[in-house]
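Here is a short note to read with the structure open beside you. Please take the points in order and find each residue as you go.

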2 protein chains.
Amino acid sequence: MNTPHYQAAQSVLRKVTGIDVKKAESEVKAYVESGAGRVELKNAVCIPNFAFAQYIDHTLLKPDATREEVIKLCTEAKENHFASVCINPNYVRLCTSMLRGTDVKVCTVVGFPLGATSTKSKAYETQVALEYGADEIDMVINIGELKSKNYDVVEDDIRAVVAAADARQRADRSAVIVKVIIETCLLTDEEKIIACVLTKNGGADFVKTSTGFSKSGATPEDIALMRKAVGAGFGIKASGGIRDYATAKKLVELGATRIGASASVKIVKEAGCLSPVTPDASGKY
Amino acid sequence: MNTPHYQAAQSVLRKVTGIDVKKAESEVKAYVESGAGRVELKNAVCIPNFAFAQYIDHTLLKPDATREEVIKLCTEAKENHFASVCINPNYVRLCTSMLRGTDVKVCTVVGFPLGATSTKSKAYETQVALEYGADEIDMVINIGELKSKNYDVVEDDIRAVVAAADARQRADRSAVIVKVIIETCLLTDEEKIIACVLTKNGGADFVKTSTGFSKSGATPEDIALMRKAVGAGFGIKASGGIRDYATAKKLVELGATRIGASASVKIVKEAGCLSPVTPDASGKY
């Protein structure tokens with residue numbers, strides 16, 4: 001778990017709570033090694049797993065989401081220190097106003113969920129989202145053109161969104177992150193690999209599995225395949241159908257560096273205590 | 001069936017095939033009344049029901065539709081004289097190039113299918129679609145703002161798309177048609193009525209039931225309700241889950257003036273012969 005994201009999470013955790021994860025882990029370990037029983041331990045020590053929360057884009061993309069629901073989403077994101085809230089473009093302004101000055105970013109979607117708008121529209125949508133304060137853009141590739149083997153069109157489509165993102169420097173001068181949704185469930189393995197390559201060539205930061213609006217979502221096999229395709233040091237976001245910590249953790253272990261989920265609060269609750277408190281098969285910690 | 005659409009359909013039919021529907025109907029009737037048997041008649045006279053085809057937007061909106069599939073769609077639309085092809089924005093140029101000089105219009109979608117993009121993006125998407133040659137725009141309302149009771153926001157969103165459409169006169173100087181998708185399956189009856197009123201107030205031409213990407217599609221009850229809400233002389237498009245002629249016909253009888261369907265070729269095949277050739281219970285025609 002010694003990834004840049006985990007390090008960032010530790011830093012956030014220190015800043016926000018005054019708790020040093022590494023130190024806390026050692027303390028827990030020392031406590032366990034001193035002979036404390038499992039039950040006592042469970043009751044005595046439970047540090048919220050902010051480190052895992054930093055992997056999560058807290059997501060609400062259903063078309064009938066109300067302003068009230070979006071406000072709740074932002075409140076939960078602040079409390080749990082999620083990486084971002086991921087919402088539809090019409091709620092970007094509401095979220096930026098709610099999250100200003102916090103460690104939670106605002107992520108929105110472009111050409112979503114079909115990926116079948118024109119390239120000009122995707123670039124403009126990106127421009128407007130950033131103008132309204134978005135920090136991260138999750139765009140959908142042109143799936144039809146990928147299927148039609150017009151790879152240049154697909155890559156140019158990505159490049160146009162990246163260019164629109166680069167054109168607008170954020171207030172803190174950090175770069176806008178662009179994630180590219182390839183909708184894995186509609187693609188063959190060969191098409192998934194090609195889509196990963198086009199995503200890298202197009203200048204984006206992450207490749208992302210799914211919209212959550214198609215046949216199915218992220219699978220362990222796809223995350224492993226995508227990690228092979230993009231190599232080390234490139235972002236991978238797993239999304240769609242991730243409803244528990246066990247699934248989310250597995251996808252991270254296989255190479256995901258970001259998780260898109262609506263059940264995020266449940267997931268971090270399940271993450272619960274830090275890993276050192278889990279006993280091994282022999283009952284030892 | 002003596003609606004303006006039916007009259008238009010007859011005129012198209014005359015133009016395209018040289019057949020006069022009314023005259024053909026009388027001829028069939030006379031033929032039957034002369035004593036011809038049912039079997040003979042079925043074999044002898046079957047006029048393709050172009051009149052019904054004129055109600056149909058021949059639709060292909062799945063995100064992985066290939067160029068080849070879109071070309072097939074246009075060919076079918078020309079052969080069957082559908083009102084339009086309804087495709088995603090990325091295929092507008094392909095369709096306009098294929099359908100130039102025919103009686104088939106090009107219809108595309110905006111803010112589709114979630115309706116949750118910004119108003120600015122919807123207006124721009126409309127502008128680009130018309131620039132690429134689209135004749136009709138099916139936009140999705142901002143469902144979240146409707147649910148949040150921000151009706152002004154919903155109406156302004158519609159008005160912005162209508163304004164973008166009005167700003168661009170088509171080559172033949174006829175007006176661009178704007179249809180407003182309210183996604184009935186996500187709304188209460190009260191919200192459906194409000195959405196119909198906002199659609200009219202916003203200056204659009206049609207109210208449309210469904211995207212085909214949500215929980216369910218057009219129902220007879222909704223079409224009847226929408227007809228009551230918008231009154232006579234306003235367009236209603238029924239869409240989503242319409243897979244046979246019986247369903248399509250029923251929706252037209254209840255007030256739909258346009259049908260969105262992917263199974264359009266099957267539907268017109270089922271429509272088959274014109275109604276006078278169907279025997280009544282006594283076996284007479």
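1. **What counts as contact.** Contact here means heavy atoms within 4.5 Å. By that rule, the contact takes 32 residues from chain B and 32 residues from chain A. Keep in mind that this is a predicted model.

2. **The area between the chains.** About 2900 Å² is buried between chain B and chain A. Carbon and sulfur atoms give 60% of that area. Which three residues supply more than any other three of the area that chain B buries against chain A? They are Pro63(B), Leu114(B) and Lys120(B), with 22%.

3. **How the copies are related.** Chain B is superposed on chain A by a rotation of 180°. The shift along the axis is 0.0 Å, and the RMSD is 0.0 Å. That is the relation of a two-fold axis. The same surface serves both copies, for 100% of the contact residues of chain B recur in chain A.

4. **Aromatic pairs, a start.** A pair of aromatic rings is described by the distance of the centres and the angle of the planes. How many aromatic pairs does a search of the whole structure find? The count over all chains is seven. Take Phe52(B) and Tyr245(B): their ring centres are 5.0 Å apart and their planes stand at 85°, so this pair is edge-to-face. Phe52(B) belongs to helix α4 (residues 50–53) of chain B, and Tyr245(B) to helix α12 (residues 245–253) of chain B. The pair therefore ties together parts that are 193 residues apart in sequence. Buried or exposed? Phe52(B) is buried, and Tyr245(B) is buried too.

5. **A pair between two loops.** Phe112(B) and Phe213(B) also form an edge-to-face pair. Here the distance is 5.6 Å centre to centre, with 90° between the planes. Phe112(B) sits in the loop between β3 (105–110) and α7 (119–131) of chain B. Phe213(B) sits in the loop between β6 (206–208) and α11 (220–230) of chain B. The two are 101 residues apart, so the pair links distant parts of the chain. Phe112(B) has a relative accessible area of 7%, so this residue is buried. Phe213(B) has 34% relative accessibility and therefore counts as partly exposed.

6. **Rings in chain A, and charges over rings.** In chain A, ring pairs link Phe52(A), Tyr55(A) and Tyr245(A) into a cluster. Two charged side chains deserve a look as well. Arg93(A) lies over the face of Tyr132(A), 4.0 Å from the ring centre. Lys179(B) lies over the face of Phe206(B), 5.9 Å from the ring centre.

7. **Backbone exceptions.** Most residues other than glycine have a negative phi, and most peptide bonds are trans. Now check the peptide bond between Phe112(A) and Pro113(A). It is cis, with omega about -5°. Pro113(A) lies in the loop between β3 (105–110) and α7 (119–131) of chain A. In chain B, the bond from Phe112(B) to Pro113(B) is cis, with omega near 0°. Pro113(B) is placed in the loop between β3 and α7 of chain B.

8. Lys149(A) is not a glycine, yet its phi is positive, near 65°. Where does Lys149(A) lie? Look in the loop between α8 (143–147) and α9 (151–166) of chain A. Its relative accessibility is 58%, so Lys149(A) counts as exposed. Lys149(B) has a positive phi of about 65°. That residue lies in the loop between α8 (143–147) and α9 (151–166) of chain B. At 58% relative accessibility, Lys149(B) counts as exposed.

9. **Helix α12 of chain A.** Its buried residues are Tyr245(A), Ala248(A), Leu251(A) and Val252(A). They cover an arc of only 130° around the axis, so they sit on the same side of α12(A). The face turned away from that buried side carries the exposed residues Ala246(A) and Glu253(A).

10. **Helix α13 of chain B.** This helix spans residues 264–271. Its buried residues are Ser264(B), Ile267(B), Val268(B) and Ala271(B). Gly272(B) follows α13(B), and its phi is positive, near 50°.

How values were computed: Residues numbered from 1 in each chain as written. Chains lettered and ligands numbered in written order. Predicted model: local features only at pLDDT ≥ 70, side-chain atom pairs only at ≥ 80, totals over all residues. Heavy atoms only, no water. Buried < 20%, exposed > 50% of the residue type's maximum accessible area, 1.4 Å probe, protein only. Helix = DSSP H or I, 4+ residues; strand = E, 2+ residues; numbered from the N terminus. Least-squares fit on C-alpha atoms with pLDDT ≥ 70 in both. Phe/Tyr/Trp six-rings, centres within 6.5 Å; stacked < 30°, edge-to-face > 60°. Lys NZ or Arg CZ within 6 Å of the ring centre and 35° of its normal. Buried area = accessible area lost by both parts, 1.4 Å probe. Arc of directions from axis to C-beta.
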